[in-house]
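Thanks for sending this one over. Here are my notes, point by point, to read alongside the model.

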Amino acid sequence: MNIDTVRRAQETPDERQPYAELGMKDDEYQRVREILGRRPTSAELAIYSVMWSEHCSYKSSKVHLRQFATKAPKSEALLVGMGENAGVVDIGDGWAATFKIESHNHPSYVEPHQGAATGVGGIVRDIMSMGARPIAVMDSLRFGGADQPDTRRVLPGVVEGISHYGNCLGLPNIGGEVVFDPCYIGNPLVNALCVGLLRKDQIKLATAPGPGNKVVLFGARTGADGIGGASVLASATFEDESHAKRPAVQVGDPFMEKLLIECCLELYQADVVVGIQDLGAAGVSCATTELAAKGTGGMEVNLNLVPLRDPTLRPEEILMSESQERMMAVVKPDDIPAFMAICEKWDVPATVIGEVTDTGRLVMTWDGEVIVDIPPGTAADEGPVYERPLREPAGQAALNADGPERLPRPTDLRETLLTLLGSPNLGSKEWVTSQYDRYVRGNTVLAQPADAGMLRISETMPGAQETTRGIALATDGNGRYAKLDPYSGAQLALAEAYRNVAVTGARPLAVTNCLNFGSPEDPEVMWQFSEAVRGLADACRTLGVPVTGGNVSFYNQTGSTAIHPTPVVGVLGVIDNVAQRVRSGFTAPGLRVLLLGETREEFGGSEWAHVVHGHLGGLPPRADLEAERALAEVLTEAAARGLLEGSHDLSDGGLAIALAEACLAQGVGCTVTLPIEDAFVALFSESAARALVCVRPEAFDAVANLCARHEVPCYGLGLTGGSALTVEGVLEIPVEELREVHAAALPRIFD
Amino acid sequence: MSAARVGVVTFPGTLDDQDAARAVRLAGAEAVPLWHADHDLKGVDAVFLPGGFSYGDYLRCGAISRFSPLMTELIPAARAGLPVLGTCNGFQILCEAHLLPGALTRNEGLHYICRDQLIRVENTRTAWTSDFTEGQEIVLPIKHGEGRYVADAATLAELESTGRVVFRYAGSNPNGSLNDIAGITNEAGNIVGLMPHPEHAVEELTGAPGVDGRGFFTSILKRLVNA
């Protein structure tokens, strides 16, 4: 094996290097030469090329993402903000929650099962590396049109991958989204969220302090999978050669990950970990440079010591391998025996591969020769930063001018309701969610199809301090709204997730986001991105919920056609007494049904325009954040006072779909009258900041007074009961008929 | 009088051990953790083999676990009358260990399936089902990819004729199990295996709607206290 050493690099300064093939631009390569004062060795080039890739360095998004910090609302809950593996928030009684959402879009297109599975694995390790026990996952999924042939390849594979990996890990899957739109046909979106729990004083960070401390690589052995994945797969636009890239997708082993979870938790409990980092994109390159950069500043690593699954791997390949289920820890020399004993108990291979130094250099050797000698911060933190040009898309004004007003309105509202309810986006997602374990660990209070997932805290870890608290989580996004107006589209995504948390009775606390866009090199995409980030940052400030972290996924496009800009937002909330959670929908007959919030005529980007007319134009519903905040205050206070028997948010498909879903929740019908005269607008408009609640008749006045105090419009619609959804003078549909239509939406296509 | 002690086994890849231990505690017994690598049953009065993917389900579900040090202690103890409950992967292990006949194969629909399932109780004479009534219909979660019960015709006939089918799927059969079998017992009635998860149906707030799983734990407690 010919090895490119530092000495050799000095002797052969003009050797041509394949930086372009590794995705580096000319000026980026020149910058590496300036930093090192010589040409990089091939191992160093491997490190810089992955660390400076879009995926790892956020070079196109960084200048925009800063707004999440500069505009962040004051929040006493925020314990760890952006820049770490995941954000951490204080949820009270000494407990903290850590959560993050991350994309695995490109791998899931190439190899749906493994792509989606390793997406779950990666986000779970991020949560573990904060010192937390992972306690639940959620998935926000977007596919091409449900009837497009390739969706039948991608969707079953993605769902199986999530199902297999997540179920084997023993983490309940408590919610998420499944959305279909032809714009995602060549670029499905697989965004995986994980939430973990830890004691507030036990947060772990990715740092390598203390010269002499040992660097331990533990978990799976390193193989040839995902080599170059970070820069080649995640950052390259798909053309037609994606089959040639198949070996670049990593393969996951959830059994090893489960052992790794239990092993890490025991290591934390034994207090034998100084710093820890998971190995995800860019593998050993990323873990060593980031740990060293955030610690004392130096590290020495003997790459020959990395345990290999494939003994023929070259050092460059070891550095770039994205083999799954690996972690790197910094451990005091005296703690090494205890550390190794715990790993052995869980059958987790662990190897000391180096130690922390105070030289300010990351030095790696191979067969005794130095092959890497770099200042780690230059790879980890000082990557290129681009201010990409922005331009409003050429067709944007025309798109906004082509409003839904011209579309013919339906005469038969009963038929319209059933058409929407049976459409892939609004139909039952049980075909997908029944493949996920939502019960394991026994703390699931609410799970899909509830508006938000909710977990009890006190029983999550045996022996830990009791608390009555719970946490709620929801993810939302709407690509059509964001296409029409990325600024308010991002705000509407946040508003919906925030509302979904509030309807369960929880108080929204913090935000994570996954920003899925086309190529940043296209100024029109970059305009969408900058508008979406600006909108989301402004909305977070208004709603008082800080962004704690997240992920950007660019290059979601095929040829020159990008997906709809799709910011997906996750919101975490806290409920003080989890027993007071509000269940979804109509929970009993004889309850008063109330509509909270204002209904306006808003059909731009609506499900009705999409399903019935295949139309996308005009402007999305108004994002009225003050109204969202007031509504959330009403919902959380009413829940805490025990006034609500059931609730459901209004979103896609408007009041009609919300009523139908509320009836389907427990099979309880209702008889209602509409709050405004135009029945079509009342039923199908998608105005935001609205929710449906049901209350005992004697609680009606209290809820109405609460609404008045917060200036939230409140309409008494009618009563729950009977076996049909009845809208007086408009339509009557037996609940059984609703169920049949709703349930058949996906089996009709995928069975 | 000291509380009854019910062992809860953890193999590498066991997932429902926390739930199993909680269900045991809520019923008023002591949950005793048992580790797969120990030759030690810690003197427990009964054993719960919870669900999960022990040893990653490698080779075949339960095929490796059945050779673990703990199982080499448990198998003779169970044959001698120690009450044992195996749910999901625990049921698969009991079959692999030949403590129960038959096998669990891939679901007919090929998908993993998680849902609240109607179950009919057919036999209330076992150590784990005495608090139910015969013919009672209960709701328990199922969550498995390989839960289709199969056995040869002679075994099935024997199970049926001796009343050893303890639970049957009611409503619809989720996985294609022969004779709608959801759970069975051995001749002595001390060992019960089933695919559904009683430990996920013991609290109002969490898990499946209802608390129909409690009957398993109240049954075994009565048996142990009266023993």
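1. Let me start where the chains meet: 24 residues of chain A are in contact with 23 residues of chain B (contact: C-beta atoms, placed from the backbone, within 7 Å). On the chain B side, α1 (17–26), β6 (113–121) and β7 (137–144) each supply at least two residues (DSSP runs: helices are H or I, at least four residues; strands are E, at least two; both numbered from the N terminus).

2. A word on provenance: this is a predicted model, where local features need pLDDT of at least 70 and side-chain atom pairs count only at pLDDT 80 or more, while totals for chains, interfaces and linings use all residues. Residues are numbered from 1 along each chain as its sequence is written, with chains lettered from A and ligands numbered from 1 in the order in which they are written.

3. Do look at strand β1 (residues 5–10) of chain B: five of its six residues are buried, so the rest of the structure largely encloses it (buried: 20 or more other C-beta atoms within 10 Å of the residue's own, these atoms being placed from the backbone). β1(B) runs parallel to β2 (residues 30–35) of chain B, joined by six bridges, and B:V9 has B:L34 as its bridge partner. Three bridges also link β1(B) in parallel to β3 (residues 46–49) of chain B, where B:G7 stands opposite B:V47.

4. Chain A has an open seven-stranded sheet with mixed pairing, ordered β8-β10-β7-β11-β9-β12-β13 (strands pair if DSSP finds at least two bridges between them). Within it, four bridges join the parallel strands β9 (residues 298–302) and β12 (residues 362–366) of chain A, with A:M364 as the partner of A:V301.

Note on methods. Contact = placed C-beta atoms within 7 Å. Buried ≥ 20, exposed ≤ 12 C-beta atoms within 10 Å, placed from the backbone.
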